[in-house]
Amino acid sequence: MPILTRCNMPACHELARYGFPGSVSADAFFALMGCTTPSNTASRGCGPEKITSHISFEVWTAFYAETWNQIQNDFQEQAPRNLGNMGYNGVTAPYVSDAVQQTAYNAESINLDFYRDYNASRQHPGKYFAQPGDLDVSRLLPCTGSVLMSSVVMREYAEMTDDWAGVVVEGDEVIGKCVDEYFWFSPACRVQTSCVTWLTGGSGWGMSEMLIKATAYNIPLATTVAKNFQNFQELPVDFNLMMYWWVPDPTFLRPWPCHV
């Protein structure tokens, strides 16, 4: 039976029949409806021609509640159904390693386990993290492939924060203002000499939320996206980074990150 199987990352699904890849839970929603190109955000291929996909595991519906609700409303006959909890709940957050936290605490008694520890008006947390220039960009995804190119996401960001300096307005489109093609800098990062480099995966898991938090809490944050899952796993081991992660998952248990 064709199924959607769980990958070792949030919302990563194997669209099994013809090997269609999907990087977010929303792709699985459309695959379960039979859409022929479920991972193509411009055209999901939802019509009379269908592929058969029956099951999806580990679907992070809370992140895509608007899409889920819209599908339930617009496609009542074909809309996928939530059959219940698998036995655990997933939680995502920014994480830093114990080593980074201990270094900052030994030097300045900064805990780095609370958002106020990152306020640029009181601290300079970036000096405990690798800087954007330290990273090999061949291991990173260009901004043009990330959620920073989503006009919906970036317009919402700019309107909520009034940080129009962090976006580029092109006619009716609003996109993120990238630095060196691979990074986005928060307002505090643009004026401090060092920034906290935050790494995520996919096309920018959790980024829309992180942009708003960094600006609201005056965090000198430089965001970037790993080129692939291998780099997402390796970069936080090779460099001192703040990273997007989720539990339960064993990927970063060896460096043992702490929850921010």
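Trainee: Between which two strands is the loop that holds Asp180?

Mentor: Residues are numbered from 1 along each chain as its sequence is written. This is a predicted model: local features need pLDDT of at least 70, side-chain atom pairs need 80 or more, totals for chains, interfaces and linings use all residues, and side-chain values use heavy atoms, without hydrogens or water. Helices (H or I, at least four residues) and strands (E, at least two) are DSSP runs numbered from the N terminus. The loop with Asp180 lies between β6 and β7.

Trainee: Is Asp180 buried or exposed?

Mentor: Asp180 is not a glycine, yet its phi is positive, about 55°. Buried means under 20% relative accessible area, exposed over 50%, and partly exposed in between (1.4 Å probe, protein chains only). Asp180 has a relative accessible area of 61%, so the residue is exposed.

Trainee: What is the phi of Glu181?

Mentor: Glu181 also lies in the loop between β6 and β7. Glu181 counts as exposed at 57% relative accessibility. Phi is positive in this residue, which is other than glycine, and is near 75°.

Trainee: Which cysteine forms a disulfide with Cys178?

Mentor: A disulfide is a pair of cysteine sulfur atoms within 2.5 Å. Here the two sulfur atoms are 2.3 Å apart. Cys178 lies in the loop between β6 and β7, and the pair links distant parts of the chain, 35 residues apart. The partner, in the loop between α3 and α4, is Cys143.

Trainee: Is the disulfide of Cys143 and Cys178 right-handed or left-handed?

Mentor: Cys143 counts as buried at 4% relative accessibility, and Cys178 as partly exposed at 27%. The torsion about the S-S bond is about -130°, so the disulfide of Cys143 and Cys178 is left-handed.

Trainee: How many disulfides does the structure hold?

Mentor: Besides Cys143 with Cys178, Cys35 is joined to Cys46, and Cys189 to Cys195. With the bonded cysteines numbered in sequence order, the pairing is 1-2, 3-4, 5-6. The number of disulfides is three.

Trainee: What is the S to S distance between Cys35 and Cys46?

Mentor: Both cysteines sit in the loop between α1 and α2, eleven residues apart. Cys35 is buried at 1%, whereas Cys46 is partly exposed at 35%. The torsion about their S-S bond is about 100°, so this disulfide is right-handed. The S to S distance is 1.9 Å.

Trainee: Within what arc do the buried residues of α4 fall?

Mentor: In α4, residues 151–161, the buried ones are Ser151, Val153, Met154, Tyr157 and Ala158. The arc is that of the directions from the helix axis to the C-beta atoms. An α-helix has 3.6 residues a turn, so residues three or four places apart point the same way. The buried residues of α4 line one face of the helix, within an arc of 165°.

Trainee: Which residues are exposed on the other side of α4?

Mentor: The buried face has cover from elements including β5, β6, β7, α5 and α6 (contact means heavy atoms within 4.5 Å). On the other side, the exposed residues are Val152, Glu159 and Met160.

Trainee: How far apart are the ring centres of Trp205 and Trp246?

Mentor: Rings of Phe, Tyr and Trp (its six-membered ring) pair if their centres lie within 6.5 Å; planes under 30 degrees apart are stacked, over 60 edge-to-face, the rest tilted. This rule gives 14 aromatic pairs. Trp205 and Trp246 form an edge-to-face pair, with 85° between the planes and a centre to centre distance of 5.7 Å.

Trainee: Which residue of β10 is the bridge partner of Thr92?

Mentor: Strands pair if DSSP finds at least two bridges between them. Five bridges join β4 to β10, and the two run antiparallel. In β4, six of the seven residues are buried. The partner of Thr92 is Trp246.

Trainee: What is the omega of the bond between Val247 and Pro248?

Mentor: Pro248 lies in the loop between β10 and β11. A cis peptide bond joins Val247 to Pro248, and omega is about 5°.
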